[in-house]
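Please keep the model open alongside the text.

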Amino acid sequence: MLNPSRRRLAGLAAAMLGLTALGGCAGLRLGMQKPEVTVANIRLLDGNLLEQRFLLTLRVMNPNTSEIAIEGLTFKVDLNGQPFAKGVGNQPVVIPRLGEAMVEVTATTGLGGLLRQWKALGKGRDKVDYRLSGRLVTGNFGGIDFDQTGEVELPKGLAEGAGAGGGKGPVEKF
């Protein structure tokens, strides 16, 4: 038989474990599925040597029969297994039931992320693997985590011409 202090400690540990499990999906009601977040478009906003900013359009699809109110989101983008960009957005949006909505966010990357990707292109890669992960902020009780992976094929000739020594450069004939 446990003494009272050990019983209290065991009860506290069980309560903390239960709260932690509830906190992970507090943004969804019981029985709801997580929405799917994918990249719909990427556009360069501006940049300089040390920092580049991209406008990402994210498609959020809701497979549930109830709408989901999103207050904002945090995210990061990995390319070819390396950190590339991250950002936050505070655009509120309601994802309709059995529907989708587009959310525009700004992603920021630095010189290191850009150089890592340029080096990978110099190795003749013909595709880029990506991972988009983050959290949809839903209000009082937290949010909904998302993690999406995929790949994008590069246009022919882009990989061969990238990086120093990565291929023949342009040839001009007169």
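Is Glu 151 buried, partly exposed or exposed? This is a predicted model, and in it Glu 151 has a relative accessible area of 44%. Glu 151 is therefore partly exposed, since that class lies between the limits of 20% and 50%.

**Salt bridges**

The model holds five salt bridges. Three of them are set out here.

| Pair | N to O distance | Relative accessibility |
|---|---|---|
| Asp 46 and Arg 53 | 3.2 Å | Asp 46 38%, Arg 53 30% |
| Lys 127 and Glu 151 | 3.2 Å | Lys 127 31%, Glu 151 44% |
| Asp 147 and Arg 131 | 2.5 Å | Asp 147 45%, Arg 131 33% |

Lys 127 and Glu 151 form a salt bridge. Lys 127 belongs to strand E8 and Glu 151 to strand E9, so this pair ties together parts that are 24 residues apart in sequence. Lys 127 counts as partly exposed.

A salt bridge also joins Asp 147 to Arg 131. Here Asp 147 lies in strand E9 and Arg 131 in strand E8, 16 residues apart, and the pair links distant parts of the chain. Asp 147 is partly exposed, and Arg 131 is partly exposed as well.

For the salt bridge between the side chains of Asp 46 and Arg 53, Asp 46 is partly exposed and Arg 53 is partly exposed.

**Strand pairing**

E8 and E9 form a hairpin with two residues between them. Their pairing is antiparallel and runs over twelve bridges. Within it, Lys 127 stands opposite Glu 153 in E9, while the salt bridge of Lys 127 is with Glu 151.

E8 also pairs with E4, again in the antiparallel sense, over eight bridges. In this pairing Asp 78 stands opposite Arg 131 in E8; the salt-bridge partner of Arg 131 listed above is Asp 147.

**The largest pocket**

The largest pocket has a volume of about 590 Å³. It is lined by 22 residues, and those closest to its centre are Ile 42, Leu 79, Phe 84, Val 128 and Leu 154. By class, the lining divides into 19 nonpolar residues, two polar and one charged.

Which elements supply the lining of the largest pocket? Strands E1 (36–47), E2 (51–62), E4 (72–79), E5 (82–89), E8 (127–139) and E9 (142–153), together with helix H2 (111–122), each supply at least two residues. H2 gives the most, with four residues.

Terms used: Residues numbered from 1 in each chain as written. Predicted model: local features only at pLDDT ≥ 70, side-chain atom pairs only at ≥ 80, totals over all residues. Heavy atoms only, no water. 1 Å grid on protein atoms, 1.4 Å probe; cavity = no way out; pocket = protein on both sides within 12 Å on 5 of 7 lines; lining within 4 Å. Points joined across faces, edges and corners; volume = space filled by probe spheres on them. Nonpolar A, V, L, I, M, F, W, Y, C, P; charged D, E, K, R; others polar. Pairing = 2+ DSSP bridges. Salt bridge = Lys/Arg side-chain N within 4 Å of Asp/Glu carboxyl O. Buried < 20%, exposed > 50% of the residue type's maximum accessible area, 1.4 Å probe, protein only.
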